[in-house]
Amino acid sequence: MKKLIAILMAAVCLLTLAACSGKEEKNGAADTKGEGVMTYAEYAAAALDSEVVVETYVQNKQSWWDNKATFYTQDKEGGYFIYEMACTEEEYNKLTPGTKIKVTGFKSEWAGEVEITDAKYEIEEGNYVAPATDVTDKLGTDALADYQNRFVSFKGMTVEAYDESGAAFAYKNDVDKTDDLYFKVSKNGQTYDFCVEFYLCGQDTAVYKAVEGLKVGDVIDMEGFLYWYEGANPHITSVVPAQ
């Protein structure tokens, strides 16, 4: 009888382990916060100019200059834009998408964009690349702000004339036809301003060339980071014909 009970207990343990293993594989890497680290809700509630500590994952890199670097980062709860964090060029090259970092800095705001400034970081164990969250139905609503700095997608958007010239886009620097690209898209009768940030996606990238090839009336799907400048100003990283 004791032998039978032991066999049954072992079977239960194996089934429990299998269930837990399947759950971990489905949900991906655990996102347990270290001691003293804020949840995204705590970060969002923190006062401007207060010190914040977050654990997050590099999703993309905007620029490096003078030992300072700017990153788009995210965990499973929300997005964090890290502006001009202290970082050598060698370190910058090692901070590839998915890398987990602990960031200590100050919560700041510029033109509506909430960011972490004067930051320092430590690399930690873990890896996570966020899928794009479709926020098309959040456009024009207050709920869109909840997704600020996250990797998002927009579906079935119609390209509108950018200005009175009838062009589908405009260069920030119209003299030598480089720098940021600006374009307008609409959905359900409302028009929105989108951007290809030159430091993130330069003139040789597929998305930059795709926007240069847009025509008024094209219907497109897009992905990018939900940056904010006097309102939503997504930094787009992908443009394809609507599926």
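Which residues do ring pairs link into a cluster? Tyr 72, Phe 81, Phe 151, Phe 225 and Tyr 227 are joined in this way. The model is predicted, so local features need pLDDT of at least 70 and side-chain atom pairs count only at pLDDT 80 or more, while totals for chains, interfaces and linings use all residues. Residues are numbered from 1 along each chain as its sequence is written, and side-chain values use heavy atoms, with hydrogens and water left out.

**Aromatic pairs**
- There are 14 aromatic pairs, where rings of Phe, Tyr and Trp (its six-membered ring) pair if their centres lie within 6.5 Å; planes under 30 degrees apart count as stacked, over 60 as edge-to-face and the rest as tilted.
- Tyr 57 and Tyr 128 make an edge-to-face pair, with 5.5 Å from centre to centre and 70° between the planes.
- This pair links distant parts of the chain, 71 residues apart: Tyr 57 belongs to strand β1 (residues 51–65), and Tyr 128 to the loop between β5 (113–127) and β6 (133–134).
- Both Tyr 57 and Tyr 128 are buried (under 20% relative accessible area, 1.4 Å probe, protein chains only).

**Strand pairing around β1**
- Strands are DSSP runs (E, at least two residues) numbered from the N terminus, and two of them pair if DSSP finds at least two bridges between them.
- β1 runs antiparallel to β4 (residues 99–110), joined by seven bridges, and Glu 55 stands opposite Lys 102 in β4.
- Seven bridges also pair β1 with β2 (residues 68–74) in the antiparallel sense; Gln 74 in β2 is the bridge partner of Tyr 57.
- The β1–β2 hairpin has two residues between its strands, and Asp 66 in the turn has a positive phi of about 55°.

Definitions and conventions. Helix = DSSP H or I, 4+ residues; strand = E, 2+ residues; numbered from the N terminus. Buried < 20%, exposed > 50% of the residue type's maximum accessible area, 1.4 Å probe, protein only.
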